[in-house]
Amino acid sequence: MEKQRYERPIIKKLESNMPNKFGMRTEYRPMTHIDNVGVKDLINEHGSPLFVISEKSVRDNIRNARKAFETRYPKVQFAWSYKTNYLDAVCRTFHQEGSWAEVVSGFEYDKAIHNGVDGSKIIFNGPDKTEDDLEKAIKNNSLIHIDHLDELYTVRKLAERMDIKAQVAIRVNMDTGIYPMWDRFGFNYENGQAWDALNKIMRSDVMELVGLHTHIGTFMLSPNAYAVAAGKMADLAIGIRDKYGHEIQYIDMGGGFASQNNLKGAYLPGTDINPTIDDFAEAITSALINSNFKPEKLPLLILETGRALIDDAAYLLGTVISNKRLSDGRRSTILDIGVNVLFTSFWYDHKITPAQPFTQHTEDTVVYGPLCMNIDVIRENISLPLLNKGDHVVIQNVGAYNMTQWMQFITLRPRIVMIDLEGNVHVVRERENLQRLLEFEKVPEHLKTFEL
Amino acid sequence: MNTKQRLHNAWHCIINSYGQVFFSKNPVFAIILFIVTFFDLYAGIAGLLAVILSNSVASLLGLSKIKIREGAYGFNSLLVGLGVGIYYQPGVEFYIILLMVSVITLFFSVTIEGILGKYGLPYLSIPFLLGIWTIIIATKSYSALNISERGVYNLNDMYAIGGLTMVKLYEWFNNLAVPESLRIYFKSLSAILFQYHMFAGILIAVGLVYYSRIAFLLSLIGFYTAYYFYLFIGANLNELAYSYIGFNYILTAIAIGGFFIVPSRRSVLWVIFLTPLIAIILSSTAYIFSYFQLSVFSLPFNIIVIMFLYVLKFREKDLSKLALVTIQQFSPEKHAYNFNNYMDRFGNLPWIAMKLPFWGEWKVTQAHGGQYTHKDNWKHAWDFEIADDEDKVYADTGNKPEDYYCYNKPVIATADGTVEAVKNDVEDNPIGDVDMKNNWGNSVVIKHAEKLYSQVSHLKKDSIKVEKGQIIKQGELIGYCGNSGRSPVPHLHFQFQSTPDIGSKTISYPISSYIVRDNENFKFQLSGIPEKDQRISNLTTNEIIKKAFHFVPGEKMRFETETDGKTVLHEWLIEADIYNNIYFVCQRTGAKAWFRQSGNVFYFTQYNGKPNTLLYFFYLSSFKVVSAFYKNMQLKDDYPLTVFPNKKWLFLQDFLIPFFKFLKAEFTLNYKSLEKGKVERIVLESSSAFGRRKRVNDTFRFSIRLTPKGIEKLEISHSGKTITANRKF
């Protein structure tokens with residue numbers, strides 16, 4: 001029999017199981033393995049903290065999403081949103097599953113090309129596309145989603161000069177009944193900006209209007225907003241058909257589907273209240289099918305889902321540095337995971353699970369990161385089992401945005417591994433080291449030496 | 001038309017008139033026949049004159065140029081000319097009569113064509129019969145015409161032609177140790193051209209083999225059946241041996257066995273069966289005609305062939321078992337190869353293409369004759385559900401309908417039609433319960449054609465979007481999958497039936513163009529009945545392939561090849577004829593390749609031209625292309641044997657094709673890769689394997705590269721050599 005663990009003694013007020021600001025007591029099982037690979041082994045081998053991506057979860061997610069849409073609509077195409085996670089290993093997993101690439105900068109565009117994505121299967125979004133970027137995109141027949149009129153003029157100018165017909169769509173923003181309404185990207189539907197842009201494109205010989213794009217928000221909790229948006233997009237497409245006799249090839253509904261993460265301020269856990277991908281699929285496809293498109297003329301439906309496909313496929317493993325009592329009596333735990341690597345802790349109450357067995361006793365705890373900065377708080381309030389120094393924790397649902405928005409600040413960025421379908425662990429990104437950082441730095445000659 | 005063209009045209013009119021006697025348009029055979037007619041010089045001259053006369057008159061009258069050129073109006077006059085040429089001594093009077101009789105035969109031809117043509121029947125040699133009988137009876141009282149004695153004293157004739165040597169040669173030839181039956185066979189063959197000696201027969205037989213192996217074989221079968229029938233029944237063998245009638249069996253055999261009917265075991269059996277009927281008709285008609293001192297000539301052949309073809313047209317079933325030739329190609333071989341190939345490729349394709357009634361990939365959980373409920377009257381039905389990679393059909397616990405992947409998924413119309421019946425008010429069952437009272441649950445029946453309805457059942461309550469009487473398009477939303485009726489777990493029941501009521505007796509009708517997935521392997525089904533546990537989905541079109549294999553009449557394609565440092569430009573034009581057949585025609589070589597495009601499939605159907613043109617290779621390489629890209633998907637098909645490259649083996653196969661096929665000509669297409677790069681490219685790899693039985697003796701390999709602009713490059717590898725053809729856009 002294994003030696004019983006030591007847990008510190010606690011005194012706890014008896015509560016009648018009401019939900020409180022520390023959240024519900026839901027987490028009672030340790031997470032010792034990820035895809036049958038021991039967490040302890042992973043940390044021993046690759047260090048702490050450590051990002052772990054499950055290839056199986058990634059593939060399950062995209063297949064599940066495809067099934068949700070493809071069984072409801074005849075022509076569906078997913079495009080992997082690079083900004084959500086542009087690790088080559090992740091992108092290529094999605095490309096293997098048939099996803100195109102959706103990029104929002106010249107850098108991401110080049111990364112997609114580097115990954116071997118055909119130019120015509122790259123969707124180029126975003127407000128900042130330089131002339132060089134656009135030139136590349138036009139030459140490669142990429143799908144350019146125009147964000148503002150200045151960009152429209154630039155594309156027109158470049159296409160004329162290059163004598164290539166640019167493949168363009170416009171991004172449309174609209175009122176879908178949600179607050180806040182996103183209107184900073186693209187052209188507004190209600191006030192006629194969208195039609196203004198469409199008219200300009202349709203009257204140009206050097207631009208081919210191939211589609212319509214919208215992206216109504218992020219972490220959307222209401223599928224109905226998508227139904228409203230899809231309906232308006234269909235109206236716009238049919239309007240173009242009636243006015244110009246031009247049939248667009250696709251409607252791109254963007255992304256923004258909520259993952260199962262817990263948004264800060266929500267009373268109930270995300271797994272219970274957040275809509276599933278099926279709910280979104282149902283809303284979007286029903287709206288399109290029931291619009292005025294003829295059954296054989298339904299346009300291709302493109303989805304740029306990012307977060308909902310990757311969030312729960314990645315884990316962040318960490319180690320307890322210390323336990324501390326705060327001045328007001330609250331318990332605090334310091335992990336080796338800081339907000340610099342877990343950027344999304346600003347948005348979510350991440351689920352933190354110990355990686356070793358524990359008793360039923362929990363204590364309300366504040367979880368801090370290792371940074372010497374006041375903002376470095378991973379969870380302001382969480383009901384955690386009693387952890388000791390050196391214990392490991394698993395933070396779940398960290399696949400989206402962390403591995404792109406993280407930064408080197410005080411500590412260096414850790415290693416990322418991927419567990420493949422056979423349970424083999426592959427390093428997909430090395431941990432940073434001083435050498436790597438110094439490579440970028442240049443010290444002027446007169447500052448090279450000093451005496452103390 | 002310049003003089004050269006005129007002469008060329010006239011040549012065709014004349015030579016085809018000779019070939020038509022044996023249903024042939026083969027010029028070599030026709031020339032042999034032409035020569036044989038001149039074995040009797042005056043008869044030969046009379047025949048040729050008759051052909052020229054009747055064709056000229058037909059032309060002057062403005063009759064169909066195509067028919068004149070085919071010899072359709074010449075061959076009856078030729079026979080009449082030969083007949084009277086043999087009977088009468090030449091002279092001015094004779095030639096005047098010949099002119100008259102040619103014209104009257106032409107009139108008979110057109111008139112009989114008018115009568116029989118309405119019934120889709122050929123007029124064969126009826127005009128000849130009417131012509132020659134008319135002239136024989138009429139000339140009985142014309143004293144200026146002298147009966148020819150040439151046929152009587154043929155040794156004299158021989159002497160006149162070639163002196164003593166010729167006579168000796170003739171004697172030697174006649175005394176050759178040829179079996180009696182074969183001797184009669186050759187003589188009967190020659191009798192078709194009013195000759196009556198073995199040498200002419202042998203020459204004709206050689207020509208016949210050259211024209212068509214099947215026709216030659218049939219002629220033997222027809223003749224020997226008759227021969228043995230005569231022996232068996234104890235009929236007068238002299239009747240067969242010494243009068244101009246034995247050819248009735250030969251011509252009937254060719255006509256029934258391979259010319260008007262596609263050669264097959266059945267057609268050969270019918271030839272054998274019909275032969276005694278000819279003998280009977282021959283004896284009885286000969287008896288009657290003897291009163292008028294007339295020979296029956298080819299009357300029995302005409303009667304039997306025309307009647308038999310007429311009878312066949314009244315069949316109501318099994319039309320493909322003894323198939324009538326619909327497009328006359330003047331070659332029994334072509335009939336056999338093309339028909340068999342057509343039947344293999346398109347014979348079982350349904351008239352209305354049905355799609356699967358859902359989107360995405362579903363799994364067949366109960367197929368035709370399934371173990372649960374698809375039995376007896378309802379055996380031709382399917383149950384579909386959605387399964388994940390672990391083969392589970394639900395998520396979570398599966399305790400409520402919403403857990404099932406297929407629940408609340410759209411159900412779409414399988415084909416265009418009218419909604420006939422709708423039931424929309426049956427409650428969905430909790431998991432495990434069945435509603436035996438409303439067995440079918442919420443259902444929709446759509447009428448697609450007379451006696452062809454489709455039904456979907458167990459839909460979700462109040463989810464049906466269509467109303468009775470509504471016209472519906474293929475792929476339009478009908479409702480959503482549910483769990484109503486006799487349905488313990490959500491699933492979609494789908495069946496075809498011949499009556500409009502919900503729950504009618506089912507009929508077997510195939511689904512068109514669907515994909516069967518087995519792990520990472522995709523199989524395309526042009527038409528088929530999905531089987532249990534198959535994971536199936538409707539085909540998703542690949543626009544690049546679709547565009548690359550979409551050809552419009554008037555379009556031009558140019559390719560460049562390089563041979564021995566010389567660049568050759570190949571230009572193909574896409575043309576359409578009045579029958580809506582579309583084909584490529586190579587501007588340089590005149591080669592033609594016919595194709596058809598239906599739905600998502602491009603097919604080549606026929607090739608006509610030399611077997612070394614680029615168009616021939618294109619035909620071989622793209623024999624069948626489905627406009628969809630599923631990696632490593634493979635398509636197979638069989639070419640018609642007419643394109644078999646080894647002509648020696650094909651010669652042997654020709655004899656045997658009515659009975660069995662030992663040569664194979666297989667086409668395989670592999671969906672190889674989506675090439676990465678600045679422009680998307682698709683590479684299709686195909687191969688043609690020609691061989692005998694299981695052996696492959698000759699292989700062509702092709703690689704076709706497609707871009708969004710169309711076909712860009714075609715590579716051909718054969719016996720170690722590679723030809724590369726680059727498209728010139």
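Predicted model: local features only at pLDDT ≥ 70, side-chain atom pairs only at ≥ 80, totals over all residues.
1. The domain assignment divides chain A into domain 1, made up of residues 33–53 together with 312–432, and domain 2, which covers residues 55–310. When the centres of domain 1 of chain A and domain 2 of chain A are taken over C-alpha atoms, they are separated by 33 Å.

2. The two domains also touch, for 21 residues of domain 1 of chain A are in contact with 21 residues of domain 2 of chain A. On the side of domain 1 of chain A that touches domain 2 of chain A, the elements that give two or more residues are helix H12 (402–405), strand S19 (415–419) and strand S20 (425–429) of chain A. The largest share of that side comes from S19(A), which gives 3 residues.

3. A reader who turns to the strands can begin with strand S12 (residues 300–303) of chain A, which pairs with strand S4 (residues 76–81) of chain A in the parallel sense over 3 bridges. Within this part of the chain, A:Val76 has A:Leu301 in S12(A) as its bridge partner.

4. Strand S11 (residues 250–252) of chain A likewise pairs with S12(A), in the parallel sense and over 3 bridges. Here A:Asp252 is the residue that stands opposite A:Ile302 in S12(A).

Note on methods:
Residues numbered from 1 in each chain as written. Chains lettered and ligands numbered in written order. Domains from an automatic or database assignment. Contact = placed C-beta atoms within 7 Å. Helix = DSSP H or I, 4+ residues; strand = E, 2+ residues; numbered from the N terminus. Pairing = 2+ DSSP bridges.
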